[in-house]
Amino acid sequence: MMNIFSTTTILLSILQFRSFTYANADSATVSTDGEVTIDNVGGCEPQPILGGKFSTCQKYQIGTLNSSPRRCIHIESSPTQPAEEESFTICQNFPNWFDGTNGCHAYATNPGYCSQYGHLDYSQHSQFNANQACCACGGGTRGKPRLQVGDYVTLKGYHPHLDQCKSLKIVKLETEPSFRYLLEVMKPCGPRSIQSVNEHGLRTFVEQFQPGFQIAVESDDPLVIDKYWRVELKKCRSGLKEQEFEFLVASEDGETVAIQHKALGLPLTVPLGGKSSFVNLKQVWEEGLFLGSDEFYFLKMMSSTNNGRLNENGEPYGPSYSFLVSGYFGEKEYSEVKTRQVEMSRGVEEQEFAMWTFKIMDDTDGDSEAVDEHVKWLQTKTQMIGIDYLEELAPWDLLDVDREASKSEVKSRFRELSRSFHPDKLVHHHEKKELFERIFVLLQSAYQGLKSADEKEKEAFRVQAESDSQLFTHSQNIVELLPIYWTKIESDNSTDTTTTRADRYILNVASHLNSTLMNDTAVEEEREPSIQIWVVFMYSARCGMSRTIRGMVDLAAAHLKQFDGIKVGAYGCGLYQEFPPAKNDPTGVKSDPICKQFERRETPNVHVIVETLPGKVKDENGDFVEVPLDQEVVEANAQFKHFYASVAEGNTTQFYPHNFIKFARSGKRVWDYSHLVRRMAAADFNDPSFIGNSSIVAFFDGTGNGDTDSDVNDAIRSALPGVAHRFSKDELYIGTANCGYGDDFDDNTKHVDCSTLDVSWLPDIKVYGQNDTKSVSLLRGQFGDRRDVQIALESLGNVLRMMLGGEDVLEDDFEDLNEQNDAGEGGEGGGCDMPPPPPPQYDDYFQEIGGRMEETPLLDMDLDEDTDDTQPELENENKPALDQDKGPRKPKLASGESRPELGGRETMKDRVAGFDTRKSRRSGGGKVLGGGGGGGG
């Protein structure tokens, strides 16, 4: 990422009247406090902003990154007033009247002031006394109220909790018995208290002031009640004047600009409390990182001046600055522009809610285009995915209105959409008529829920719909993978009641697409069976992280779709009624069977998987029919899984589009190389190609009943294809084997009896010498975590290369597979270079790979002379063989010497001599594993 803001002097050049241009006027001046004054407005001559990326004389929408659909900054002007309210006049104080100590507000709030001081002469400060200037003392003048019906307002000194409420709206002006503004709370505000706790332990909070609460304010004093410009976020629509902004003045480098709302002539910073009209623009990502990477900016404004204050050293404070943000971490709905003080916002520049984009606006009619686009979108989604998809949409997304849309807005939109989907329009098209009827019913149901005049009832409906809503509803790049897109493969437990292997679900999107139902021009073609690479984003709608990074995932998906042919899908754990979350699993990640099979404990989690696509041929009648797929091939392909490990322990920067794209590509490459790793059955251990070559074999639990670490399993399976590719020009045999029960229940084409192969723990990686049936384990104990896998295979690969000679195959191909940096390192990502082979002075420690191998683990040796050669004591040396008669049956393993488990990074250096010394010489990670070990873990 590019460097963000460097110092707090960003706007100082503005205050010194340097290098400004304004093309819409003959002259423009900038005051010492940074305000712009426009004089003699004439013809507009465009001037470049930010190196020509933007221009004056052009209207722009300012959009968010972190919401779907995209939202734009929206500032409403005051609505047109009813005729009867246009005639209202009220008493108004003389503007800025002051007696030298107090203004009219003090006379109104202090009983007795008018009678005691109202008649006094304050001619040294004003030619009028309080009795003449102040309404409270019988003076003042008549005029129209400052505020109007429809304005949002803030209160000052009225009520300690209502003063903090930013959702107060004037709903009526009253004159009897005296003038007053009638205000209504539009969104919950005030102190929160716990309302309830559900079965999952999740608490529901309620604010003190709920929508519909009303209060009367009998004052027009700006010190009591004042207009609040709501800088809202609403769906981006072309032609809306409320969303039109323009650039005015720019510094010489174009990075410091004045932006104003075109219709209101209001600087963007003013309603946000800015102390200057200027905003600093800083590009988030460099150009070329991914599709559209140069289109996003941080916006920062001056939020306070030093006001003459001095610090503890007697030096003046500098000005303070704030980011403009579209929300905070994990918010369900982004509805209002907010600010975050820079000094108090560590890491905010890593979050997508601080990123903005500018889009040139056209002059089309916003309403008509929005309806047409939404109708087209509904038809496209139904055509490609099916009516089931629409049934899962939040009601406001279905109607294409904002979550907080008024009753009139909801009604208007429903009528417009009804005209497009009313079943009577298709009386001669039975199939489409039936489909349109279902869409119409869904629209009607959404309308009924949102039209309620009872705000509490309507909000309850929204909250329920929101908790069950998908995150990528409106994405054009990400497919929400409904349960119907997963085919259930039942486990064969009929003959063995002690087996606990769960059913599996295989991605099967292709067979559920409605390819021609609403598209009369669709053309079918013959095709061979093939595969589709998917990146699957498993999320929880209740998870703050899942919501926070969805915009960046969408950007990555757009790039992968256009340039890599990789599809991105998303599945909401526990979101669907078919698989509701368990009581002790509110996110559903451990109870939803589709999520559970990925063996993760957190959301979001991300995997590269493979879908097998059927082919199509013409039959004797010229009709297209599907080519039957080999079910074993389908299931074998579905076993491929490449996990994005950096996400589990990382931060939001791991989801930056270029990092996400790198992971996806690494997963595709692991799949491309996976054919180099052989799936071994029992007979393969007697095959000449295995015996006649040096071999590496990874052993896994094939029963599903073992206690193996899924992280370690994934790391090994992802790493081996990279190792196989590196040595693809060498005579090196690399395979995997699944350990079974070692009895009649085993399918010998899938499982092997690991007790006869000296496998004592799982997973295990064994190395065989040429013409040697004896093997040694890569470690002398179980892998503690995926980094153990990385270091062990990295070291093994270097030793093998030194022994075999030759060169690695296409070494540069592994650049995209390098691991990401650990979380907390700024999110820059990237991998480490592959460490060099062991120095020559250590050659004597290794036996010739082509001959008899040591009967001790390959890495159980010291590589440095100063390494303590005392072997750690093994735990449970005489542990008996596994008891297969109690509990679920587990793989049958060797009953010889038991091996200790390596319990993590701390014990690794103690249990495996040499690992700590390797770490001191060179860093882990690199091209051997590629994206393996999870592609970034």
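This briefing walks through some of the strands in the structure above and how they pair. The model is a predicted one. Five strands make up an open sheet with antiparallel pairing, and strand β20 pairs with both β18 and β21.

**The five-strand sheet**

- Reading across the open sheet, the strands come in the order β14-β11-β10-β9-β15.
- β14 (214-217) and β15 (225-227) are the edge strands; each has a single partner, so one side of each has no neighbour in the sheet.
- From one strand to the next, the twist averages 45 degrees.
- Inside this sheet, β9 (residues 152-155) and β10 (residues 168-174) run antiparallel and are joined by two bridges.
- To find this pairing in the structure, look for tyrosine 152, which sits opposite lysine 169 in β10.

**Strand β20 and its partners**

- On one side of the pairing story, β18 (residues 256-261) runs antiparallel to β20, with three bridges between them.
- Here threonine 256 stands opposite asparagine 280 in β20.
- β20 is also joined to β21 (residues 296-304), by five bridges, and this pair is antiparallel too.
- In that pair, leucine 281 faces leucine 299 of β21.

**Which way the side chains of β20 point**

- In a regular strand, side chains alternate between the two faces of the sheet.
- Phe278, Asn280 and Lys282 point one way from β20, while Val279, Leu281 and Gln283 point the other way.
- Are the residues of β20 (residues 278-283) buried or exposed? Six of its six residues are buried, so the strand is mostly covered.

Terms used:
Residues are numbered from 1 along each chain as its sequence is written. This is a predicted model: local features need pLDDT of at least 70, side-chain atom pairs count only at pLDDT 80 or more; totals for chains, interfaces and linings use all residues. Side-chain values use heavy atoms; hydrogens and water are left out. Two strands pair if DSSP finds at least two bridges between them. Helices (H or I, at least four residues) and strands (E, at least two) are DSSP runs, numbered from the N terminus. Axes are lines fitted to C-alpha atoms, for helices over the stretch in contact, and angles run from 0 to 180 degrees between N-to-C directions. Buried means under 20% relative accessible area, exposed over 50%, partly exposed in between (1.4 Å probe, protein chains only).
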